[in-house]
Amino acid sequence: MTHWTIAPVVLPAMMAAFMVLVLRHQPVLQRVFSFAGTVTLLVIAAALFWNASDGTVTLYQLGDWAAPFGIVLVADRLATLFVLLTALLAVLVLLYAIGSGWDMRGRHFHALYQFQLMGLMGAFLTGDAFNLFVFFEVLLIASYGLMIHGGGPERFRVGLQYVVFNLLGSTLFLFALGTIYGETGTLNMADLSQRIAEIPADRSAGIRVAAVLLIMVFAVKAALLPLHFWLPSAYSEAPAPVAALFAIMTKVGAYAIIRMYTLVFPPDLALTQGLFGAWLLPAALVSCAIGMIGVLGARGLDRLVAFSVVGSMGMLLTAVGLFTPAGISAALYYAIHSTLVTAALFLLVDIVRERRGARGSDLVAAPPFTGAALIAGLFFASAIAMAGLPPLSGFVGKLLILDAAFDDPRVWWVWAVILSSSLVAVVGFARAGSTIFWKSHAAAETERRDPELVPPLAPPVLPVIAIGGLIAALVALTVLAGPAQRFLSATSEQLFSPEAYVTEVMETPGKEITHGYEYDAELEAEAETDAGGHD
Amino acid sequence: MELLMASAIGVLTAAGVYLVLRLRTFPVIIGTSLLSYAVNVFLFASGRLVVNQPPILRDGVESYTDPLPQALVLTAIVISFGMTAVAVMVALAAYLSSNDDHVDDQPAGLGPSIRGDSDRGDG
């Protein structure tokens, strides 16, 4: 089991390099290798998940160097859960990209896709804060390439905004890491959790600044209000499969908040009392409200879905912002749900956009297109899940969040905002769905049908399988809500009692850094033996 | 020396933030570069400022400079270099495809040419 922990990082990295160097001009082979690689990744992820599901914390020391000086990867329940979710999403989205031909509208789609996966997997598995930064950069630089895949003026302009926003976020991340290193002298997460607990209250100014800087960085990634401005345009202009894969990118921010603020800055830490706990929840509630109002106000289906991402991230971070075990486990359930449903919606938007000719994804009536009934059905199911109506997993997730908020003094705020924003979302999605799918027949009667405007395309098979797979996963998440909830509670318990994690990281032996070179020490020992040393 | 380092970081950051807020591609890219210089110097200083000492931990060496921030800075330099290159390419593509070098969204109803006339400052 030892080297498997790093396999989710190494496999996509090798695959991407192989595709750039060897398969540069063989699109079919690229597809085959990319898909095979991603499926293998899913199998490995499932194995890691299975291994960690009994509470084992698996440590991987790179180059066998012991923490805190060596870099470590740690596979615990939380990390492997997100690795598995990413791998599952990646397989389905890749199916869509291949089936819809998106991957051939520009060059290097598959290589960038694999690099993106490498960054994501690394970010979830790493046990070192600086490594987290490096993997963030890997996934960001791949996402810049994917974001502008296919080209076009609008996409380049929005892509530039996205790049600049994230460059500033990265700078802030480095400032935060520099402050943390200056204050504690380490960047290993387990080591940090021990050292920060020992900082006396009168010397806490630096680490308090670092804690706030760091949560701002992750809030940028998670599109928390007021740092969400990059998201709606970027997600609605990105190529559909990329937008669907980006569904996991906002969750990286949420993951990092959950990881760092349970392990390194736990909620009961006296040093950081009242720093982020006080405003994370209100900010999350505001972004929940703004996102769902955006759903109501959007003039295009793509922006509507992008705003629903802001809203669902707000919902997720509301649960995180409670900083209780129940809140975190509800947040994790909602994170899985929201990733799958967001991806499904972005893919559906693309199918609609491709089939409505000049009208694209604007919310105006257009003549119906072939296969609209199937697409409408899938959209209906996804919209129900996203808005959080029964019977799909959105409802379960929302219920868990509402339930977790019971013990919090701000429970009425949470309930009021979540319930009313859900209502707004239902109205927004219903309006959009009826305009796109129902009013189409009325439009067909008043308007002569132009075969060039509306290509009579039946929904292709692979994309529908991909979307169907995402919705099937949602249904599975709903049906298996009980076992899933038990697992997620266990995950959250593991997060709130990080002793096992810290012990595993800090006390597993490995090569130690000695004062002086190891090689020299051996030589000196030999020299001493030769000279009949004194001991 | 602490004063020099601190003010250098401060001035670089301030200039970087100002340039980023100009919202035209060229100043924005220069601004992010300045910010990345600032953060590199900051990272370097996070291991405490020591002059004329080796970055090596050995037996018998009592005073040394912390080697880890230097490794971190190297990584950060490489990453920011790559990122700046990507930003330049995307900015060029955005400018060449729409003939407009504004980073922000255009107000509704104003085309690129109109934006150019009603521009603020010297650009």
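Colleague: Is B:Asn99 buried or exposed?

Modeller: B:Asn99 counts as exposed, because it has 11 C-beta neighbours inside 10 Å. A residue is buried if 20 or more other C-beta atoms lie within 10 Å of its own, exposed if 12 or fewer, and partly exposed in between, with C-beta atoms placed from the backbone. This is a predicted model, where local features need pLDDT of at least 70, side-chain atom pairs count only at pLDDT 80 or more, and totals for chains, interfaces and linings use all residues. Residues are numbered from 1 along each chain as its sequence is written, while chains are lettered from A and ligands numbered from 1 in the order in which they are written.

Colleague: Where is B:Asn99 in chain B?

Modeller: B:Asn99 is in the loop between α3 (67-98) and α4 (112-117) of chain B. Its phi is near 60 degrees, a positive value in a residue other than glycine. Helices (H or I, at least four residues) and strands (E, at least two) are DSSP runs, numbered from the N terminus.

Colleague: What about A:Phe323, buried or exposed?

Modeller: A:Phe323 counts as buried, because it has 20 C-beta neighbours inside 10 Å. It has a positive phi of about 50 degrees although it is not a glycine. A:Phe323 sits in the loop between α12 (301-321) and α13 of chain A.

Colleague: Changing topic. How many helices and strands are in chain A?

Modeller: Chain A has 20 helices and 2 strands. Its C-alpha atoms fill a box of roughly 100 × 60 × 40 Å along the principal axes. Of its 535 residues, 58% are buried.

Colleague: Which residues have the most contacts inside the largest nonpolar core?

Modeller: They are A:Val93, A:Leu347 and A:Leu348, in a core of 228 residues. A nonpolar core is a set of buried Ala, Val, Leu, Ile, Met, Phe, Trp, Tyr and Cys residues joined through C-beta atoms within 7 Å. Helix α13 (residues 325-355) of chain A gives the largest share of this core, 19 residues.

Colleague: Which cis peptide bond comes with A:Pro226?

Modeller: The bond from A:Leu225 to A:Pro226 is cis, with omega near 0 degrees. A:Pro226 lies in the loop between α8 (205-221) and α9 (230-237) of chain A. The bond from A:Pro390 to A:Pro391 is also cis, with omega near 10 degrees.

Colleague: Last one. How many residues does each chain give to the contact?

Modeller: Chain A gives 24 residues and chain B gives 29, where two residues are in contact if their C-beta atoms, placed from the backbone, lie within 7 Å. On the side of chain A that touches chain B, the largest share, 16 residues, comes from α6(A).
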